[in-house]
Amino acid sequence: MTRAAVIAGVGGYVPARVVTNDELAQRLDTSDDWIRSRTGIARRHVVEPGVTTSDLAAEAGRRALKNAGHAGVDLVIVATTSPDRPCPATAPTVAAKIGLGEVPAYDVAAVCSGFLYALQAGTAAVLAGHAEHVLVIGAEAFSTLLSPTDRTTAVIFGDGAGAVLLRAGQADEPGAVHDIHLASDGTMADLITVRGGGAEERSSGLPPREEDRYFRMEGKSVFFAAVRRMTQSARTALSRTGWDTTQVDRLVGHQANTRILHAVADQLGLPPERAVINIDRVGNTSAASIPLALAHGMAEGELRTGDRVLLTAFGGGATWGAATLTWPDLPLS
């Protein structure tokens, strides 16, 4: 029997505060039609003052553990671009809030690809025998990074968290993670960035600039790079798994933009209806988007036991990746 990391539980959480397109149109030069036609987004959730990324991550983690019917873990990994603080990492705080004791816990920073990077780290820990149960969380209070006057980013992003519990299992059982392909290109760092707040700014000898506090993105360049890299990585993961695209039941891509998701499906030769899409309800939640889409697909019955599922993402760094898995038999809790 071949040891594998198996998905044993899934949980998702978004804050209660909803921001509609019409609400944004009251303070920005935009409209509901403009946002929907370019992004597919109708609304997004944002944190209230005082709510942090660790709060969202902890609730998603609790829900994944409840879904699995399991209480303890050996490792917690949190993927985020919006940590509670630059130092320390957010994952130990999340573990403490859930009540997981003194387990190892660390952050992964790969922006919108972060969940796939964290999933690979958790899978590797299981395969190496270092852990029997790993809680992998993608969480963002992304609205805290956005300029309130920048319509190009304020309309796109939302806050939320999603989590999966990995357990040690066998490669031939539902829920098994089969392959994860990851890649990066640091020459593309300026495509998606928050310039301020790090060593680059602190060692410059120059006073901080207000605009460098906020997230910026070269939207058109990101669009074409995302479609190309997500498609390439998906093909690599499929090839290494021994699947062709006709065998993929569901595509769960990073929820960056409906047009990107449909373009990736088209490049892969997949019907658009095979893509699980929830961006219309939650916006782009960066590292949280894939696990939130998994929780959505499970709750809506779009993901069924034994489905062959393809995940893929592109994010800042630039980073990108893809993964293959078979969907587990989970209760709809």
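How many aromatic pairs does the count come to by the ring-pairing rule? The count comes to five, where rings of Phe, Tyr and Trp (its six-membered ring) pair if their centres lie within 6.5 Å, and planes under 30 degrees apart count as stacked, over 60 as edge-to-face and the rest as tilted. Two of these pairs are set out below.

| Aromatic pair | Arrangement | Centre to centre | Angle between planes |
|---|---|---|---|
| Phe-223 and Phe-224 | edge-to-face | 5.5 Å | 80 degrees |
| Phe-314 and Trp-320 | stacked | 6.2 Å | 20 degrees |

The model is a predicted one, in which local features need pLDDT of at least 70 and side-chain atom pairs count only at pLDDT 80 or more, while totals for chains, interfaces and linings use all residues. Residues are numbered from 1 along each chain as its sequence is written, and side-chain values use heavy atoms, with hydrogens and water left out.

**Aromatic residues**

Phe-224 is exposed, at a relative accessible area of 57%, whereas Phe-314 and Trp-320 are both buried. Here buried means under 20% relative accessible area, exposed over 50%, and partly exposed in between (1.4 Å probe, protein chains only). Elsewhere, Phe-142, Phe-157 and Phe-215 are linked into a cluster by ring pairs. Trp-34 has Arg-151 over its face, at 4.4 Å from the ring centre; a charge sits over a ring if NZ of Lys or CZ of Arg is within 6 Å of the ring centre and within 35 degrees of the ring normal.

Helices (H or I, at least four residues) and strands (E, at least two) are DSSP runs, numbered from the N terminus. Strand 6 spans residues 133-140, and eight of its eight residues are buried. In a regular strand the side chains alternate between the two faces of the sheet. His-133, Leu-135, Ile-137 and Ala-139 point one way from strand 6, while Val-134, Val-136, Gly-138 and Glu-140 point the other way.

Two strands pair if DSSP finds at least two bridges between them. Strand 4 (residues 75-79) runs parallel to strand 6 and is joined to it by five bridges, with Leu-75 opposite Val-134. Strand 7 (residues 160-170) runs antiparallel to strand 6, with eight bridges between them; Leu-165 in strand 7 is the bridge partner of Leu-135.

**Helix 11**

Helix 11 covers residues 289-299 and is largely enclosed by the rest of the structure, because 10 of its 11 residues are buried. Among them are Pro-291, Leu-294, His-296 and Met-298. After helix 11 comes Gly-301, with a positive phi near 75 degrees.
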